[in-house]
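Visitor: I am new to this structure, and I would like to go through it slowly, one piece at a time. Please start with the words I will need.

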Amino acid sequence: MPHDAHAWVALRAKEGEAEALTHADEAHLGRIQPLMILDQATSAARQIGRAEGVARHLHTHHRVLAVDASDVDRSTFTPVGALGELVDRLSYGVDLFDVGAPIPILPVLREGASARTAADTGRLGEETGTGVALRIRWRPGIPAEFERIVEALNVDPRRIDIVVDLGFIEAVPTEHAHAVHTAVATVRAIGPVRNLVLLSGSVPSRLSHHGNWQQDRYEEQLWREVSARHSDVLFGDYGVVHPKQAPGWPPKNITVRYTCSTGWAYWRRPIEESAPAHEGDGSTDEPPRARTFRKLCRELVDADIFAGRYFSWGDHELSDAAHGNGRALGRSSAPIAFATSHHLAYLATMPT
């Protein structure tokens with residue numbers, strides 16, 4: 001399977017992110033490498049089901065899905081945990097008449113894994129023919145841990161993707177760039193690897209006020225600073241959400257996130273329980289959540305940063321919603337699905 005992505009994107013195994021991936025333009029899929037993260041906040045079986053659907057869809061476009069299931073209880077599944085369960089599912093067709101070859105995934109391992117887990121993951125990557133990816137939260141003392149895991153994987157380094165993960169960043173201090181330079185030197189010491197990716201995200205875990213405002217994309221700023229010295233380091237981010245999964249709570253606000261060349265753009269307002277009688281566009285008949293989301297879509301589409309309805313599936317849906325069309329706008333996954341779709345197109349066309 002090809003691994004020539006222009007950028008990586010780490011996404012949760014949620015409904016919105018999965019919907020965006022299955023609607024992504026084929027040309028865009030050819031330039032991004034999705035990394036799907038399974039977490040403990042949602043049913044593992046449901047997340048594996050979503051990962052399976054996305055992996056099957058990407059396979060039709062000759063792409064492979066990277067999957068990190070490090071946070072899922074291994075004892076619930078096969079000897080290699082949820083990754084093994086997913087591989088088993090993808091070994092069979094969706095019906096009796098689907099007798100094609102097994103669909104591969106790119107298994108992702110994290111630092112702290114035992115030698116046995118690393119060896120099992122390495123064998124899984126060799127069996128699927130994809131190699132493996134190693135996602136490491138870089139910190140002091142990690143080089144020795146890195147070397148231990150690479151040795152335990154027992155995979156040719158040229159078949160390993162190294163993802164240096166800084167998590168959430170809210171600025172671009174010198175120590176961030178220094179940490180990445182150290183990571184690059186450590187990785188190169190083991191020999192050539194397939195890809196070296198810098199992964200980080202700057203979307204806050206909570207947005208605290210209402211209105212419309214913009215924020216710098218610190219993850220992109222940091223990558224540009226690093227890539228000026230290391231041109232082979234690929235860009236990676238966490239899509240349109242905070243890097244760490246937060247506990248869910250009943251939403252009282254609608255938020256629209258939008259990626260643009262000047263940074264992140266946010267629109268946020270409380271859900272309006274009562275509809276103004278003068279709207280006259282049919283939105284008064286909609287549920288409060290859908291009605292509020294539609295108003296934010298209008299504000300976005302009227303803004304100078306809007307990329308146009310044909311930029312991505314998500315932009316098309318945002319435009320439809322703004323002009324009184326679209327359906328099921330009240331579902332909680334819609335804002336994330338549309339924003340993620342636009343973000344995937346942004347990454348695929350981001351200048352290097």
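Guide: A residue is called buried when its relative accessible area is under 20%, exposed when that area is over 50%, and partly exposed in between, using a 1.4 Å probe and protein chains only. Helices (H or I, at least four residues) and strands (E, at least two) are DSSP runs, numbered from the N terminus. This is a predicted model, in which local features need pLDDT of at least 70 and side-chain atom pairs count only at pLDDT 80 or more, while totals for chains, interfaces and linings use all residues. Residues are numbered from 1 along each chain as its sequence is written, and side-chain values use heavy atoms, with hydrogens and water left out.

Visitor: Moving on to strands, how many residues of β7 are buried?

Guide: Seven of the seven residues of β7, which spans residues 195–201, are buried, so this strand is largely enclosed by the rest of the structure. In a regular strand the side chains alternate between the two faces of the sheet. In β7 both faces are covered, with Asn195, Val197, Leu199 and Gly201 buried on one side and Leu196, Leu198 and Ser200 buried on the other.

Visitor: Which strand pairs with β7 over seven bridges?

Guide: That is β6 (residues 160–168), which pairs with β7 in the parallel sense; two strands are said to pair if DSSP finds at least two bridges between them. Within this pairing Phe168 stands opposite Gly201, and Asp165 has Leu199 as its bridge partner. Strand β7 also pairs with β9 (residues 233–237), again in the parallel sense, over five bridges, and there Val197 stands opposite Leu234.

Visitor: What about β6 itself, how many of its residues are buried?

Guide: Eight of the nine residues in β6 are buried, which leaves the strand mostly covered.

Visitor: New topic: which residues touch the most other members of the largest nonpolar core?

Guide: Leu38 and Leu134 do, in a core of 65 residues. Here a nonpolar core is a set of buried Ala, Val, Leu, Ile, Met, Phe, Trp, Tyr and Cys residues joined through side-chain atoms within 4.5 Å. Helix α6 (residues 142–153) gives the largest share of this core, six residues. A second, separate core has 21 residues, including Val256, Tyr258, Ile271 and Ala322.

Visitor: Where does Ser333 sit?

Guide: Ser333 is in the loop between α10 (313–322) and α11, and it is buried, with a relative accessible area of 8%. Apart from its neighbours within four places in sequence, Ser333 is in contact with Glu15, Gly16 and Glu19. As for α11 (residues 334–349), 15 of its 16 residues are buried, so that helix is largely enclosed by the rest of the structure.

Visitor: Last one: how many disulfides are there?

Guide: A disulfide is a pair of cysteine sulfur atoms within 2.5 Å, and by this rule the count is zero. The cysteine sulfur closest to that of Cys260 belongs to Cys297 and is 16 Å away, which is too far for a bond. Cys260 is buried at a relative accessible area of 6%, and Cys297 is buried at 0%.

Terms used. Contact means heavy atoms within 4.5 Å.
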